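Thanks for coming, everyone. Today I want to talk about charged side chains and how they pair. Please have a look at the structure first.

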Amino acid sequence: MAQDSDWSFSGSFYIYAADTKTTIGSLESELSFSEAVENLDLAFMGTLEARSGRWSLIADYMRTDLSFDNDTPGPVFSGAETSLKTQFLSGYAAYTAYQDQNLAVDLGGGFRWFETSSTITLVGGPTPAPSSSASDDWIDPLIAARIRYQINDRWSAVALADYGGFRSDRETAQFLATVGYAIAPKWNLRAGYRYIMVDKGEVDSRFKLSQFGPVLGVTYSF
């Protein structure tokens with residue numbers, strides 16, 4: 001049996017079937033997961049975790065490149081063309097504040113780095129097409145909490161929530177809940193739901209991105 005001072009590791013790859021809402025200035029666009037699959041240029045999502053005793057270090061990365069069209073309300077323009085490239089990198093250091101035979105509660109903090117390159121252009125109107133663009137990257141501090149529950153030998157559940165930004169013009173938040181099933185001693189299938197959001201800027205220069213939907217992944221522990 002490993003001692004508390006030993007490090008253990010796990011890596012996860014997952015599919016995030018998310019709907020996406022984007023706001024740039026006064027322009028908004030929405031993209032369902034089914035539409036995203038049709039308009040997906042690139043996607044990669046994964047998590048690494050290292051644990052020693054009560055301490056955990058977690059890194060979670062997502063990248064998606066999309067290009068899609070939306071209808072627009074009103075008679076002036078017939079649609080909006082959106083190009084959206086995003087990267088999230090969330091990092092946490094967490095400490096197990098409570099633990100018994102089945103339940104563990106982790107508290108911690110960290111950061112979220114976000115990079116975006118986005119353009120929304122209105123098309124099909126009588127005037128030159130107006131557009132709004134945002135190309136930026138920034139880092140926000142986070143506080144986080146995670147609950148891990150071992151239901152039985154094969155089934156487990158995890159819920160994680162974080163919040164950050166802590167400024168009038170910056171906010172980010174995430175909620176993730178999954179249920180896992182051990183298909184082998186080192187392999188777990190996980191399924192659940194995820195919501196993640198970043199919001200930056202004032203009304204005229206606002207950029208907001210939110211994604212929400214089911215997740216399905218596999219975790220290998222070593």
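Let's start with Arg167, which forms a salt bridge with Asp169; their closest N and O atoms are 3.3 Å apart. A salt bridge here means a side-chain nitrogen of Lys or Arg within 4 Å of a carboxyl oxygen of Asp or Glu. Arg167 has a relative accessible area of 46%, so it is partly exposed. Asp169, at 22%, also counts as partly exposed. The cut-offs: buried is under 20% relative accessible area, exposed is over 50%, and partly exposed is in between (1.4 Å probe, protein chains only).

A word on the source. This is a predicted model, where local features need pLDDT of at least 70 and side-chain atom pairs count only at pLDDT 80 or more, while totals for chains, interfaces and linings use all residues. Residues are numbered from 1 along each chain as its sequence is written, and side-chain values use heavy atoms, leaving out hydrogens and water.

How many salt bridges does the rule give? The count is eleven.

Take Asp106 and Arg146. Their side chains form a salt bridge at 2.9 Å, N to O. Asp106 sits in strand E7 (residues 103-123) and Arg146 in strand E8 (residues 131-150), so this pair ties together parts 40 residues apart in sequence. Strands (E, at least two residues) are DSSP runs, numbered from the N terminus. Are these two residues buried or exposed? Both Asp106 and Arg146 are buried.

Next, Arg170 and Asp140. Their salt bridge is 2.8 Å, N to O. Arg170 is buried at 11% relative accessibility, and Asp140 is buried at 2%.

Notes: Helices (H or I, at least four residues) and strands (E, at least two) are DSSP runs, numbered from the N terminus.
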